[in-house]
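Me: Please take me through this model, and for each term you apply, tell me how the value meets its definition.

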Amino acid sequence: METHLAHRVANFARAGIPITISVCLVLVATLPYGLPKSSLAAPILALISVYYWSVFRPELMPAGAAFLIGLMVDILSGGPPGLNALLLILVHWAASGQRRVLAGKSFAVSWLGYLLIAAGAAVINWFFASLFYTTAIESVPLVVSHAIGTAAYPLVALFLARMQLLIGQG
Amino acid sequence: MAKGPRLSTLSRVAAPARSVAQRFGLLLLMATAIALLILGKTHDDGVRQMRVMAIEVAAPILEVLSAPVISARHGIVELQNFWSTNRDNEALREQVARLVKWQTIARNLEQENASLRALLNPAHDPGAMFISARVIGDTGGLFVQSVLLNAGRRNGVAPGQAVTTALGLAGRVVEVGQRSARLLLLTDLNSRVPVVVEQSRHRAVLAGDNSARPRLTFLPANAKVSPGDRIVTSGHAGVFPPGLPVGIVSSVSEGEARIQPFLDWSRLEYVTILRYRALPQADILRRDGLGASTLQAQSQAQAPSTGKTVEAVP
């Protein structure tokens with residue numbers, strides 16, 4: 001009986017790994033490293049994490065969790081409230097919808113998937129931010145941020161894949 | 001045995017229902033996010049208060065987590081210092097030789113200033129009080145240039161206060177919680193700082209545009225600025241104390257001057273928040289919109305009411 005309970009607690013903890021990792025990534029990315037562009041790290045890591053789990057373990061990264069992670073990024077950044085929440089829901093929807101294509105194939109396919117979905121997110125980001133600030137936002141920072149995210153994806157995905165092994169198949 | 005078919009009927013009904021519920025949930029979340037965006041546009045204050053409350057929860061976590069990051073940064077800086085000790089010594093010796101001359105000049109000027117001041121008896125700038133704070137979060141992302149500080153209302157921080165470092169102005173406080181505050185940097189899209197060109201005394205407004213080098217706006221048409229000119233705060237509007245170093249003009253093209261701030265963003269660790277209030281709020285409101293000459297005339301006329309009478313001058 002006791003082992004059964006311990007087993008269930010362990011399972012529950014494992015199921016929480018994707019959300020916990022995403023939250024930790026955002027918090028750690030927010031710390032003051034004093035590096036150029038380091039304030040872009042939090043939204044990028046949130047995007048990669050939500051994309052990754054939506055492709056590989058969508059049942060452990062529900063849309064509500066993507067929403068809350070996005071909201072957390074919005075609160076910390078002080079930017080338009082709800083913008084990252086909206087983007088991450090859309091990323092979750094697109095990535096989990098296409099997971100048959102994106103998961104299980106070679107790594108390059110999931111990377112390409114990230115490139116396309118994050119590019120779509122950047123366009124939507126630009127559109128809503130421009131509406132929010134009622135001015136055409138400069139698009140260069142968005143392109144730079146997208147390039148950094150795409151370049152960082154393999155490294156972050158490698159780390160997330162390690163974490164995925166902890167969850168197991170259960 | 002009889003469970004089999006019934007379960008399959010159930011799942012046959014439940015599966016589409018679940019997918020409908022999922023889709024509905026997705027739409028609901030999207031609608032919530034868009035509603036938040038609209039609320040953020042129309043009810044800025046309410047959303048800001050909610051954000052401050054949420055940051056209050058995150059601040060202690062960030063404070064603990066940022067301590068080792070700051071230590072590591074100190075370590076790296078110390079290592080760099082160690083490598084460049086010889087070179088630094090050489091440069092510092094030269095600088096000391098130069099500064100000794102300046103010290104003599106400054107002493108003479110101080111004397112002269114004091115004696116002239118005694119003759120004129122001008123109104124003094126109210127002294128600024130300081131609050132020191134540590135940067136605990138490098139936030140902002142794509143559209144906002146801001147950092148989180150570990151001092152808040154309980155330390156005396158209030159919205160609008162100027163924030164400086166040893167090198168120069170960093171920005172102003174925009175959101176304040178009990179133990180944390182958000183510093184809006186000079187470079188942010190919403191940052192406006194009344195400044196003056198140190199040499200020519202031309203007034204302007206330093207406007208951020210999310211780039212590393214903010215722009216000088218509202219510069220008089222006849223004003224001449226050239227690269228290398230120092231820019232300091234003017235003290236107009238009473239938010240920033242006058243004379244704080246801001247930056248130097250880095251480029252001038254087609255009537256647009258850009259400023260390289262003195263601040264080293266990569267070493268923004270500790271900051272000083274200035275508790276400064278030049279004039280009572282009512283005074284600012286009354287004087288708002290008056291030209292410089294009338295303002296000066298008025299302040300002279302009002303001098304007796306501030307307790308510093310002109311007659312008292314010997």
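Me: What is the mean pLDDT of chain B, and what percentage of its residues reach 70 or more?

Reply: This is a predicted model, in which local features need pLDDT of at least 70 and side-chain atom pairs count only at pLDDT 80 or more, whereas totals for chains, interfaces and linings use all residues. Residues are numbered from 1 along each chain as its sequence is written, with chains lettered from A and ligands numbered from 1 in the order in which they are written. On the pLDDT scale, which is the predictor's confidence in each residue from 0 to 100, chain B has a mean of 80, and 81% of its residues reach 70 or more.

Me: Where in chain B is confidence lowest, and where is it highest?

Reply: Helix α5(B), residues 292-301, has the lowest mean, 40, while strand β5(B), residues 181-185, has the highest, 93; helices (H or I, at least four residues) and strands (E, at least two) are DSSP runs, numbered from the N terminus. Over residues 1-5 of chain B the pLDDT is below 50, and this stretch has zero contacts in the model beyond near neighbours in sequence, a contact being two residues whose C-beta atoms, placed from the backbone, lie within 7 Å. Residues 279-314 of chain B also stay under 50, with 16 contacts beyond four places in sequence.

Me: Why is α2(A) called roughly parallel to α4(A)?

Reply: The axes of α2(A) and α4(A) come within 10 Å and cross at roughly 10°. Axes are lines fitted to C-alpha atoms, for helices over the stretch in contact, with angles from 0 to 180 degrees between N-to-C directions. Angles under 35 degrees count as roughly parallel, over 145 as roughly antiparallel, 65 to 115 as roughly perpendicular and the rest as oblique, and therefore α2(A) is roughly parallel to α4(A). Among the residues that meet are V23(A) and V26(A) in α2(A) and I69(A) and M72(A) in α4(A).

Me: How do you know that β6(B) and β7(B) pair, and what joins β7(B) to β8(B)?

Reply: Two strands pair if DSSP finds at least two bridges between them, and five bridges join β6(B) to β7(B), which run antiparallel. They form a hairpin with five residues between them, and R201(B) in the turn has a positive phi of about 60°. Three bridges join β7(B) to β8(B), again antiparallel, with L206(B) standing opposite L216(B).

Me: In what order do the six strands close into a barrel?

Reply: The order is β1-β2-β5-β4-β3-β12 in chain B, with antiparallel pairing, and the twist averages 45° from one strand to the next. Within that barrel order, four bridges join β2(B) to β5(B).
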